[in-house]
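Biologist: I am new to this structure and would like to go through it by question and answer. Please show it first.

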Amino acid sequence: MSGSHYLIMKNLFIVANWKSNKTGAETNHWFQEISNLNVQVSNKQIIVCPSFAGLEIAHGLIKEKQLPIKLGAQDISAFDEGSHTGEVNGKQIVEFGSYVIIGHSERRQSLGESQELLDKKVGMANKYKLSIIYCVQDENMPIPAGVSVIAYEPISAIGTDNPDSPENANEVARKIKQNFSNVKYILYGGSVNGENVSSFTSQSDIDGVLVGGKSLNPQDFAAIISNA
Ligand code: PGA
């Protein structure tokens, strides 16, 4: 095989962040619909992150329908199992999911998550061999050692229908990869939809997308997968 004449397809991550949405019945409905849509995933890694309450239900549905979808949690406790009321720990997450989002800007802002706390969460995710999707809002934020997947999500673009420009997102992604040698993949997040997704995924240093609002409706999410 000669190296010059075949196209190497990028492996893309398409991640749904459902945030604090969907009951068990709604989760059931979403998986039923996405299964009926029969989306081609080919070179794409599809990851759905329901709330903790939906993880087990989603896990059962993926198994039952044999869907090519992996699960992730939207957060992880900085503590291991034990006396930490209300916390969901890595050992509990890994029963159903293989990914975890850490450092989402909504948690940094509304819950005041500090760098020290995020470092501990990264430690726990590593302990339980969860793949981390670590969120930053610009290229200058600290990235804990050992993190290889980053989601770049500028705050002005989250839930606003005002995405970053693909060129700027690519430039930020390039700088992050340059500054942090552990980082292999950069996802863009912020007002991604079926129409604009390919303008991001076609950029040289962008390896996928983290999708909030438009992941809630299975038709919208299917369009993002197909068009990425
Ligand atoms: P959005 O959210 O797609 O609704 O802008 C993205 C995110 O916060 O992960």
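What follows is a set of questions and answers on a predicted model.

Biologist: Which residues of helix α8 are buried, and how are they placed around the helix?

Modeller: Helix α8 covers residues 218–227, and its buried residues are P218, F221, A222, I224 and I225. Seen down the axis of α8, these buried residues fall within an arc of 155°. They therefore line one face of the helix.

Biologist: What covers the buried residues of α8?

Modeller: The cover includes two helices, α1 (24–37) and α7 (197–201). It also includes the strands β1 (12–17), β2 (44–49) and β8 (208–211).

Biologist: At the start of α8, which backbone nitrogen does a side-chain oxygen of N217 reach?

Modeller: The oxygen belongs to the side chain of N217, and the approach is to within 2.7 Å. The backbone nitrogen it reaches is that of Q219.

Biologist: How many residues are in the largest nonpolar core, and which have the most contacts inside it?

Modeller: The largest nonpolar core has 56 residues. Those with the most contacts inside it are F31, I69, I102, Y134, I150 and F221.

Biologist: How many residues does the other core have?

Modeller: Another core lies apart from the largest one, with V15, C49, I101 and C135 among its residues. Its size is 12 residues.

Biologist: How are the rings of W30 and F221 arranged: stacked, edge-to-face or tilted?

Modeller: A search of the whole structure finds 7 aromatic pairs. In the pair of W30 and F221, the ring centres are 5.8 Å apart. Their planes stand at 40°, so the pair is tilted.

Biologist: Where in the chain are W30 and F221, and are they buried or exposed?

Modeller: W30 is in helix α1 and F221 in helix α8, so far as sequence goes 191 residues apart. Both W30 and F221 are buried.

Biologist: Which residues form a cluster through ring pairs?

Modeller: W30 and F221 belong to this cluster.

Biologist: What sits over the ring of W18, and how many Å from its centre?

Modeller: The charged end of K22 sits over the ring of W18. The distance from the ring centre is 5.2 Å.

Biologist: Is D205 buried or exposed, and what is its relative accessible area?

Modeller: D205 is in the loop between α7 and β8. Leaving aside neighbours within four places in sequence, D205 is in contact with N170, A173, R174, K177 and I186. D205 is buried because its relative accessible area, under the 20% cut-off, is 17%.

Biologist: Why does N43 count as buried?

Modeller: N43 is in the loop between α1 and β2. Buried means under 20% relative accessible area. N43 therefore counts as buried, with a relative accessibility of 16%.

Biologist: Which backbone oxygen lies 2.5 Å from a polar atom of the N43 side chain?

Modeller: The side chain of N43 makes a polar contact with the side chain of S42, at 3.3 Å. Leaving aside neighbours within four places in sequence, N43 is in contact with M9, K10, N11 and L12. The backbone oxygen in question is that of K10.

Notes. Residues numbered from 1 in each chain as written. Predicted model: local features only at pLDDT ≥ 70, side-chain atom pairs only at ≥ 80, totals over all residues. Heavy atoms only, no water. Buried < 20%, exposed > 50% of the residue type's maximum accessible area, 1.4 Å probe, protein only. Helix = DSSP H or I, 4+ residues; strand = E, 2+ residues; numbered from the N terminus. Arc of directions from axis to C-beta. Contact = heavy atoms within 4.5 Å. Polar contact = N/O pair within 3.5 Å; in protein donor to acceptor, adjacent residues only side chain to side chain. Core = buried A, V, L, I, M, F, W, Y, C linked by side-chain atoms within 4.5 Å. Phe/Tyr/Trp six-rings, centres within 6.5 Å; stacked < 30°, edge-to-face > 60°. Lys NZ or Arg CZ within 6 Å of the ring centre and 35° of its normal.
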